[in-house]
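This briefing is meant to be read beside the sequence and the coordinates. Please keep both open while going through the points.

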Amino acid sequence: MSNSTVPRSRAEAETSETASRAADAPGGRPGKKKPSGKLSLRLRLRRDRTLILMTLPAVALVLVFNYIPILGNVVAFQEYDPYVSDNGFIAMLESPWVGFEQFQRVFADSAFWDAVQNTLVLFFLQLVLFFPVPILLALLINSVIRPRIRAVSQAILYLPHFFSWVLVITVFQQIFGGAGIIAQTLRQRGYEGFDLMTDPGIFKFLVTAEGVWKDAGWGIIVFLAALASVSPDLYEAAAMDGAGRWRRMWHVTLPALRPVIALLLVLRVGDALTVGFEQILLQRDAVGPGAAEVLDTYVWWNGVRNQDFSYAAAAGLIKGLVSVALVLAANKVAHFMGEQGVYKK
Amino acid sequence: MTAVIDKAAIEEAAREPRWWEAPPRPVWEEEPSKAGVAGKGIVLAGACLAVLFPLWIVIVTSLSSKKTITEAGGLVMIPKDITFIAYQELLSGGQVTRAAIVSVGVTLAGTLFSMAVSVLAAYGLSRSGSLGHRWFLMTLLATMFFGAGLIPTYLLVQSLGLTDTYLALILPSAVSVFNILVLRAFFMGISPELIDSARIDGAGDWRILWQIVLPLSRAVVAVITLFYAVGYWSAWFNASIYLSDQDMMPLQNVMIQLVQKQEAPVGVSQAIKTGQISGLAIQMAVMVMALLPVAVISPFVQKHFKKGMLTGAVKG
Amino acid sequence: MTPNAASASSGPSRRSFLASTAVATAAVAGGMPLLAACGGSDSGSKDGTTSGKSAKKLLPAYVASNVVTPDIPSKNGSAIGFTSKLDLADLKTSVSKKLGKGSSIKIMSPFWGTPPKGDNPYYKAMNDLIGVDITWQNQDGITYDEKLGAVLASSDVPDVVVIPSWNMGGKIPSAIISKFADLGPYLSGDAVKKYPNLAAIPSEAWQYSIFGGKLRGLPQPAPSVVGIVPFYRKDVFDKEGYELPKSPDEFLALAKEITRPKAKVWACDDMKWTAFNIFGVLSGSEKPLGWNQVDGKLVYRVETEEFLEALEWTRKLYAAGVVHPDAKAVNQGTAGDRFTSGQVLMYNQNISDWWGKMAEQAAQNRDFRISGMDIFGADGGDPTLWAGSPAGIFAFVNKKASKAVIEDVLAAANVTAAPYGTKEYMLTNYGVEGTHYTVKDGVPTKNDKGNQEVINAYVMLASPAPTIAHPDFPDIAKEQVEWQQRMGAFTKKSAFWGMQITEPARYTNLSNDFEQLEDDVVRGRKKISDMQQAVSDWKRQGGDKLRDWYQKLLDDNGSAQ
């Protein structure tokens with residue numbers, strides 16, 4: 001990306017900073033060339049002790065409240081029944097071990113693969129049709145200079161995020177359903193009615209549209225925060241250099257948003273197998289599982305609902321491993337594009 | 001141009017612009033095209049209408065009598081007889097006031113705690129190459145993708161003695177890794193020269209965080225505070241699992257229960273006559289009440305979004 | 001993608017789905033299919049049932065209550081009916097002596113609505129009458145599945161836990177067996193006579209309370225007659241001159257006549273459950289009820305010709321466009337609301353809606369009249385109906401509870417199971433006269449305080465034999481009981497009726513997908529042949545083995561009847 005009139009991107013600034021600090025992250029691959037002048041562990045500990053101290057509370061909380069329960073996922077290798085003994089933890093020791101049997105059950109189920117397929121299709125739809133919307137809206141709002149209009153439209157656009165999915169779907173049904181406003185109006189004028197809500201063919205677009213309606217407005221908030229940190233001087237300097245409206249957006253605004261977009265994009269790709277749960281479960285019966293079953297609803301129907309804890313844990317572990325692989329890959333791509341992503345190489 | 005000084009014109013130029021008027025453009029900015037302005041207006045108005053129309057339905061339904069709702073067979077679009085009976089039902093019984101206090105308390109305490117932990121962690125992780133940085137980051141990141149079942153989580157919270165305490169509503173969900181990552185991304189965007197020069201001046205990390213990083217990150221701190229606050233305010237599942245005492249329940253739970261009153265499964269002899277109040281109206285009233293805090297808080301957050309307020313954040 | 005996706009609220013939002021579906025399901029299907037899956041357990045000793053003979057030994061002796069005489073006695077498995085006005089002065093006493101010894105008892109129970117404060121006058125009056133100190137842990141009925149699963153996995157189980165049958169999915173039956181006390185020593189045989197109101201609970205309800213070979217549950221008895229009634233708008237039918245259909249073909253013809261989408265009127269809501277009754281399909285409410293012996297061989301409901309015919313007929317309704325589009329979309333609003341607003345003129349629902357809709361509409365639409373039509377047979381003759389379970393909700397006592405606590409729980413149950421027309425019944429169901437309700441013209445009406453305090457709680461503990469009494473609409477009560485008696489005449493009991501059966505764990509999920517497939521077929525998304533394919537897959541994947549398992553059960557135990 002050429003940027004003649006604009007400051008260096010953050011990523012570049014980052015690189016120079018790291019280089020100047022002449023230190024490397026621990027745990028780097030052994031084969032990697034270390035910069036010369038590597039500090040001893042003790043020195044680095046002394047240098048970074050404040051940073052470590054600051055990080056510890058969050059890490060401690062996560063260790064206790066996430067990692068300990070996550071250890072419970074060992075039941076994926078069992079036929080777990082939490083009620084065989086006095087306490088569910090003890091039951092974990094007493095339940096029989098079955099190796100990879102639960103995983104085999106998951107992989108052998110054709111419904112699982114159908115759910116994976118639906119999930120991926122929906123993910124790509126959301127990525128293409130949903131992800132850019134908050135960014136575009138944020139740019140739009142940012143370009144409005146009348147403060148009241150900005151404030152009011154922002155406040156309005158946030159609201160749907162606070163509607164429950166039940167309500168969102170009810171509203172869509174009342175407008176686009178077979179007895180909805182549009183269908184009834186058409187009928188009264190002598191046309192045929194229609195029903196968008198029970199059509200398996202367009203279900204994935206429907207779900208995406210509902211998602212955009214509910215959460216796109218709320219999604220702009222992070223981007224607005226990023227835009228707020230752009231100095232007007234930059235725009236002025238660019239204008240002085242003869243950059244027009246679009247070039248300024250390309251060379252000033254977008255670089256300011258890029259790290260955030262990259263971060264969110266990497267996380268979104270990592271979360272590709274999560275495409276909505278409540279929203280889809282509520283509408284699953286309207287179009288049937290053939291079109292609507294996604295991974296999370298599959299796990300709910302086949303594991304959680306039946307208290308088949310081991311099966312649910314196995315499916316959860318599979319999903320987690322795939323997600324980690326995806327986020328690592330996406331992060332690599334981000335680095336390749338010169339972005340920071342989630343973490344540094 | 002004449003050299004005649006028009007006093008009125010000067011006053012006109014000096015006064016604050018009214019809200020419908022655009023504030024003066026910087027001199028370097030070209031006049032926008034008519035079509036551009038119109039296009040923007042149409043898109044923005046369309047987006048707002050797409051929100052306002054359903055909102056209208058929700059509000060009207062919440063204000064409708066059971067009779068009107070029955071006749072409409074569901075949501076009401078055209079108001080007929082306005083009644084506040086659903087709101088009265090919500091606010092009567094004294095439960096809501098107490099629950100609201102609980103919710104405000106949990107939200108304040110929880111948000112403060114979460115922000116403290118998250119800002120520290122985000123800053124602690126913002127210098128790539130620091131000791132353990134990658135390790136800590138991975139530790140946090142993994143929790144975004146691996147979940148735990150309800151039973152192990154419950155057993156943990158219970159064996160820590162947190163059930164039936166408000167800590168159970170805060171501690172298990174105190175850390176959002178997503179929020180830490182966003183904060184960190186913004187912190188890392190701050191010009192390294194600023195920080196380096198402060199360090200040369202002898203400032204330690206605490207001072208740098210407090211005096212340089214935080215003031216320059218007001219927008220993102222406002223956003224993340226909002227995320228946490230909204231999270232605590234609208235959470236209800238943890239309360240319904242970890243609390244047994246009805247008198248401790250936060251507002252969301254009480255609201256949900258009010259909606260359910262109309263929906264007990266058959267076979268449960270409720271023997272209540274719901275009379276004039278429609279369950280749907282109550283549901284919609286709950287929805288409207290849920291929007292109120294947003295309307296209240298929104299301006300405070302937006303204050304931090306003024307364009308270019310945080311000069312120097314992006315290195316020029 | 002949304003910034004908030006990973007913030008503190010992500011866990012809860014994923015679950016709030018239950019807020020809509022679980023209760024909707026329970027309501028729509030009468031606590032039927034989805035959540036009522038019969039579970040299994042790991043240890044071989046826990047699955048199965050208790051044989052007819054040994055069950056008889058566990059049962060409490062039945063002593064009919066003669067405190068109050070019903071206006072309409074039970075016949076063909078119907079509820080008993082009361083049609084006369086309520087006279088406070090005439091209330092009888094069924095608990096002559098305070099049996100409670102003052103134990104402190106914690107009871108966890110699902111609750112729909114906002115629970116009142118713990119020290120309210122209703123709870124106090126009940127505790128005083130019983131002689132105990134009961135503290136209610138009223139839990140959100142919507143997340144009860146999760147809460148129950150977690151609490152039972154901990155070592156801190158309350159003294160008493162109330163579990164509806166729709167919350168008994170998965171491994172809960174195994175938890176019931178391992179965590180709750182055997183009440184046999186206190187109730188079996190003549191021991192129950194200490195608690196006359198418990199002795200008057202029908203034996204079949206007690207037999208259904210036997211879990212893992214021990215009498216563990218305190219039941220809420222339910223009538224065994226089919227619970228789902230095909231309702232119609234009597235006021236509209238009379239006005240338009242529609243004739244009640246007497247066969248599936250007549251129903252379809254009438255439905256086509258009624259449907260006018262332009263005027264936002266459709267003939268009916270989803271009628272699948274009625275279709276099953278019309279065509280005589282074995283019950284789908286609980287898995288063991290779906291098995292029956294045909295020509296000496298056990299068959300499961302999905303294997304029968306009747307099952308396919310019922311689906312085909314329901315599919316025709318959808319294809320003809322006579323079903324409301326919102327019903328096609330499922331989870332959208334409630335059938336009852338579409339019915340009261342006149343968007344549909346027929347729907348099927350639990351019999352409780354008969355009075356429920358009448359009472360709800362009385363103040364708004366004087367003309368509104370709901371009635372239930374008799375279920376006709378597939379050929380237009382008499383139908384074949386299959387009996388439902390004799391109890392739906394149970395209270396269990398913690399295994400670790402002391403003798404004193406167990407006895408006090410039974411003392412409490414003895415009060416809550418008091419029959420209609422007694423002081424104990426009125427206090428349990430209406431609260432304190434003057435404080436919670438008033439009686440005018442023989443009709444008790446709860447005031448605001450009554451509506452806030454006297455809901456759920458004590459009625460969840462144990463209740464009397466099925467009773468229908470509506471002093472405000474005595475003719476509705478009469479119609480309901482008479483409908484039950486007419487339909488009861490056609491009701492048969494399938495092979496495993498009345499037995500509490502726990503299927504082996506490996507078969508728990510086997511038959512779960514059929515309900516979804518039924519919905520796909522009737523809505524035209526899948527073909528009847530897909531269903532046939534699924535049935536043959538089911539046989540191969542374990543259905544035939546499950547059949548053998550049930551056959552052995554039958555050979556070992558005999559049927560319950």
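The notes below cover chain B, then selected parts of chains A and C.

This is a predicted model, in which local features need pLDDT of at least 70, side-chain atom pairs count only at pLDDT 80 or more, and totals for chains, interfaces and linings use all residues. Residues are numbered from 1 along each chain as its sequence is written, while chains are lettered from A and ligands numbered from 1 in the order in which they are written.

**Confidence in chain B**

- The mean pLDDT of chain B is 83, and 84% of the residues score at least 70; pLDDT is the predictor's confidence in each residue, from 0 to 100.
- Two residues are in contact if their C-beta atoms, placed from the backbone, lie within 7 Å.

**Fold and burial in chain B**

- Chain B contains 15 helices and 0 strands. Helices (H or I, at least four residues) and strands (E, at least two) are DSSP runs, numbered from the N terminus.
- Of the 316 residues in chain B, 51% are buried. A residue is buried if 20 or more other C-beta atoms lie within 10 Å of its own, exposed if 12 or fewer, and partly exposed in between, with C-beta atoms placed from the backbone.
- Helix α14 (residues 251-260) of chain B is mostly covered, with 10 of its 10 residues buried. Among the buried residues of α14(B) are B:Leu251, B:Asn253, B:Met255 and B:Gln260.
- For contacts in chain B between residues at least 6 apart in sequence, 72% join residues at least 24 apart.

**Domains of chain B**

- Chain B is assigned domain 1 (36-83 + 275-306) and domain 2 (98-255); the bounds come from an automatic or database domain assignment.
- The centres of domain 1 and domain 2 of chain B, taken over C-alpha atoms, are 31 Å apart.
- In chain B, 6 residues of domain 1 are in contact with 6 residues of domain 2. The side of domain 1 of chain B that touches domain 2 has 5 nonpolar residues, 1 polar and no charged. Ala, Val, Leu, Ile, Met, Phe, Trp, Tyr, Cys and Pro count as nonpolar, Asp, Glu, Lys and Arg as charged, and the others, Gly among them, as polar.

**Annotated transmembrane regions**

- An unreviewed UniProt entry gives "transmembrane region" for spans of chain B including 99-123 and 166-187. UniProt positions are given in the numbering used here, feature names are shortened, and annotations may be inferred rather than shown by experiment.
- Residues 99-123 of chain B are 100% helix and 0% strand, with end C-alpha atoms 35 Å apart. Residues 166-187 of chain B are 68% helix and 0% strand, with end C-alpha atoms 32 Å apart.
- For chain A, the UniProt annotation (unreviewed entry) includes residues 162-183 and 216-235. Residues 162-183 of chain A are 68% helix and 0% strand, their end C-alpha atoms lying 28 Å apart. For residues 216-235 of chain A the figures are 85% helix, 0% strand and 27 Å between the end C-alpha atoms.

- A:Gln307, in the loop between α15 (295-304) and α16 (309-336) of chain A, has a positive phi near 55 degrees. A:Gln307 counts as buried because it has 25 C-beta neighbours inside 10 Å.
- C:Asn456, in the loop between α19 (448-453) and β18 (467-469) of chain C, has a positive phi of about 50 degrees. C:Asn456 counts as buried because it has 23 C-beta neighbours inside 10 Å.
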